[in-house]
Amino acid sequence: QDEETQHSLECIQANQIFPRKQLIREDENLQVPFIELHGESTEYVGRAEDAIIALSNYRLHIKFKESVVNVPLQLIESVECRDIFQLHLTCKDCKVIRCQFSTFEQCQDWLKRLNNAIRPPSKIEDLFSFAYHAWCMEVYASEKEQHGDLCRPGEHVTSRFKNEVERMGFDMNNAWRISNINEKYKLCGSYPQEIIVPAWITDKELESVASFRSWKRIPAVVYRHQSNGAVISRCGQPEVSWWGWRNADDEHLVQSVAKACASDSRSNSNKLMNGNCSRDFANGGDLSDVEFDSSISNASGAESLAIQPQKLLILDARSYAAAVANRAKGGGCECPEYYPNCEVVFMGMANIHSIRKSFQSLRLLCTQMPDPGNWLSALESTKWLQHLSVLLKSALLVVHAVDRDQRPVLVHCSDGWDRTPQIVALAKLLLDPYYRTTEGFQVLVETEWLDFGHKFADRCGHGENSDDLNERCPVFLQWLDCVHQLQRQFPCSFEFNEAFLVKLVQHTYSCLFGTFLCNNAKERGEKHTQERTCSVWSLLRAANKAFKNLLYSSQSESVLYPVCHVRNLMLWSAVYLPCSSPSTPADDTCAPYPVPGSSPEDQPLGRLPKTRSFDNLTTACDSSLPTTNRRSSDPSLNEKWQGDPPSLELSSLGNPGDDPFDGDSLSKQGRAPVGAELSVAAGVAEGQMENILQEATKDDVGLEEHLRGSLEAAGKGDEIALDKEKRTDNLDG
């Protein structure tokens, strides 16, 4: 009844709390060039040079003659005047927008408007997601039963903790227990209220451990291997400091995790007997590339693993030097002497400041006009792909320890809310096919990123008064990039497609939905974001066919072992490069509520072309025939293209301006003709899927021999490169 009363009050007060603002037109003949969302009100409509520019409480919309720029305000990081007539807008997802004006005064007016519009909110209710939800509730108040639950996540999300404990098969009678020590967040404000710990660890001991771990983020179990019982735990760094402090309860808890695994896995001892014995890494040193490769390629003989607890692997995401340096600030790392039956490995992952610098370099490179001639070397100098490689290697090390060696793993970095969720969430994605379904991926994001307190408000810059630029970093975007790399290497293993990930990137920042608001679950509870905003999963739902991967097979690999080397990684062009986003549905048509004046039956699912079947694929690929939007990931098409590659340029789909609200491509200039565009929604460009799968099965020696043989067969590599360069120059000319 209280919920119904609150709902009624929201509906009544929507117009008063979020009133529409009066529209200001530079010219009386100008009209709003897009369909407004519920709660959206356009404030300014004016003219730029050869364009119409409009600003609402949610977006900036620029309509050129042959293209459209449409970007949520919170996606814009900065606005500056590069010359007296041009505005330069830098976006948080790597895009850059340039807008030319006819006069200096006009340019300055829009500079002031935009800087006021993109400034972090003084109170969270200033974000558009609250107005959007309130107006949706008001518009459909009379149809509450029909529309009221559409903006909520499904039961698989709301009941995720209970469902996950049951699904992963924790032995809650002898090995593990659910502790409510953090009920109402009284122990740790950035942790969930329920955590899994060894059954014999008391809450009093947990309080002692909390006093020793950074931000009281104690070791908590987040995953159990369903076959062998090995678990993944996560925490913050121990507060060793220069004084070398110890905590007996912390040491006992870490050892108890390994003992609980042994107890939990005895019922599966027959399965354990078929496993491999564990491999040790050099304690106290960073893991080199050679050690990493050898650690995953050496499979030892079988030994009995159920007799005693397996040696627990403590994976520290930092370098050894960084971990030691943290002792000066009261942090540090575990000393192997004090943690028997444990070993510590340092992965050498960069901190948020290095990642932010790398991303800024990448953005500068991707927005250079014209395309730089030293593209590959410039891309290497950004170190973005190198950072992805280290992250993938770290996750793969966890996978090998848990799946192949059947060892428990404890992951932490400094505070445990940036690099730790990257590694843990990626490892879970590799280990468990459930997380590669649409619903499972939602549960994964909610659990590892939201429940365990990744600071979305600070990292994305949309929190209350979040003006500190040193706190901003695309940590979640970097992780999604790794997921995209996995999609490319395993195109049949994910139920969702690349368009799903692109939309998730955009709405991490857009503030159309309330899913990624605030820094932790405690803050979201205090602000009642779940009741007052819509969930992003209402858009990215499993039933939305536009985000289905048509290559998905539930019978694909159970555990994924990707190739992590930089040469196997690819730049995520759909996100970082202009004019290259895969087609995704309009937010108007896929929002929880239909656009006013249109019937749900008339709403298209999106602009993704239907995948048509052909009896004769060779004929379908004939360049003399009209080009068809057949998906380029079809192996038969790849064989045809590799033999006679068509001279087509992949770009985003659809005609410029045919979508009233398309956040997928901030700029749609320079499109290829529609007939020459191909669908890349499955995330595999033409001719690449087969190459990736081949490379994934080769070892380094085989790959080098393959490359060497190719060069010898083709002649001198330098002559080939010069010849290609000359031909390219001729084409460009």
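Student: Is Trp110 buried or exposed?

Tutor: Trp110 counts as buried, at 0% relative accessibility. Keep in mind that this is a predicted model.

Student: OK, and how do the rings of Tyr44 and Trp110 sit?

Tutor: Their centres are 6.3 Å apart and their planes stand at 70°, so this is an edge-to-face pair. Tyr44 is in strand S2 (residues 42–48) and Trp110 is in helix H2 (residues 104–118), so the pair ties together parts 66 residues apart in sequence.

Student: How many aromatic pairs does the structure hold?

Tutor: There are 26 aromatic pairs. Among them is Phe441 with Phe496, where the centres are 4.7 Å apart and the planes are at 50°, so that pair is tilted.

Student: Where do Phe441 and Phe496 lie?

Tutor: Phe441 lies in helix H16, while Phe496 is in the loop between helix H18 (475–489) and helix H19 (498–510), so the pair links parts that are 55 residues apart in sequence. Phe441 and Phe496 are both buried.

Student: Which residues do ring pairs link into a cluster?

Tutor: Phe441, Trp449, Phe456, Phe476, Trp479, Phe494, Phe496, Phe500, Phe516 and Phe547.

Student: Back to H16. At what angle do the axes of H15 and H16 cross?

Tutor: Roughly 155°, with the axes of H15 (residues 419–431) and H16 (residues 438–451) coming within 10 Å. The two helices are therefore roughly antiparallel, since angles over 145 degrees count that way.

Student: Is the crossing left-handed or right-handed?

Tutor: H15 passes H16 in a right-handed crossing.

Student: Which residues make the contact?

Tutor: From H15, Pro421, Gln422, Val424, Ala425, Lys428 and Leu429; from H16, Phe441, Leu444, Thr447, Glu448 and Trp449. By class, that contact has seven nonpolar, two polar and two charged residues. Phe441 and Trp449 also belong to the ring cluster.

Student: New topic: what's the phi of Cys518?

Tutor: Cys518 has a positive phi of about 70°, although it is not a glycine. Most residues other than glycine have a negative phi. Cys518 sits in the loop between H19 and helix H20 (521–527), and its relative accessible area is 6%, so it is buried.

Student: And what about His528, where is it and what's its phi?

Tutor: His528 has a positive phi too, about 55°, and is in the loop between H20 and helix H21 (529–532). With a relative accessible area of 40%, His528 is partly exposed.

Terms used:
Residues are numbered from 1 along each chain as its sequence is written. This is a predicted model: local features need pLDDT of at least 70, side-chain atom pairs count only at pLDDT 80 or more; totals for chains, interfaces and linings use all residues. Side-chain values use heavy atoms; hydrogens and water are left out. Axes are lines fitted to C-alpha atoms, for helices over the stretch in contact, and angles run from 0 to 180 degrees between N-to-C directions. Helices (H or I, at least four residues) and strands (E, at least two) are DSSP runs, numbered from the N terminus. Angles under 35 degrees count as roughly parallel, over 145 as roughly antiparallel, 65 to 115 as roughly perpendicular and the rest as oblique. A crossing is left-handed if the near helix is turned anticlockwise from the far one by less than a right angle, and right-handed if clockwise. Contact means heavy atoms within 4.5 Å. Ala, Val, Leu, Ile, Met, Phe, Trp, Tyr, Cys and Pro count as nonpolar, Asp, Glu, Lys and Arg as charged, and the others, Gly among them, as polar. Rings of Phe, Tyr and Trp (its six-membered ring) pair if their centres lie within 6.5 Å; planes under 30 degrees apart count as stacked, over 60 as edge-to-face and the rest as tilted. Buried means under 20% relative accessible area, exposed over 50%, partly exposed in between (1.4 Å probe, protein chains only).
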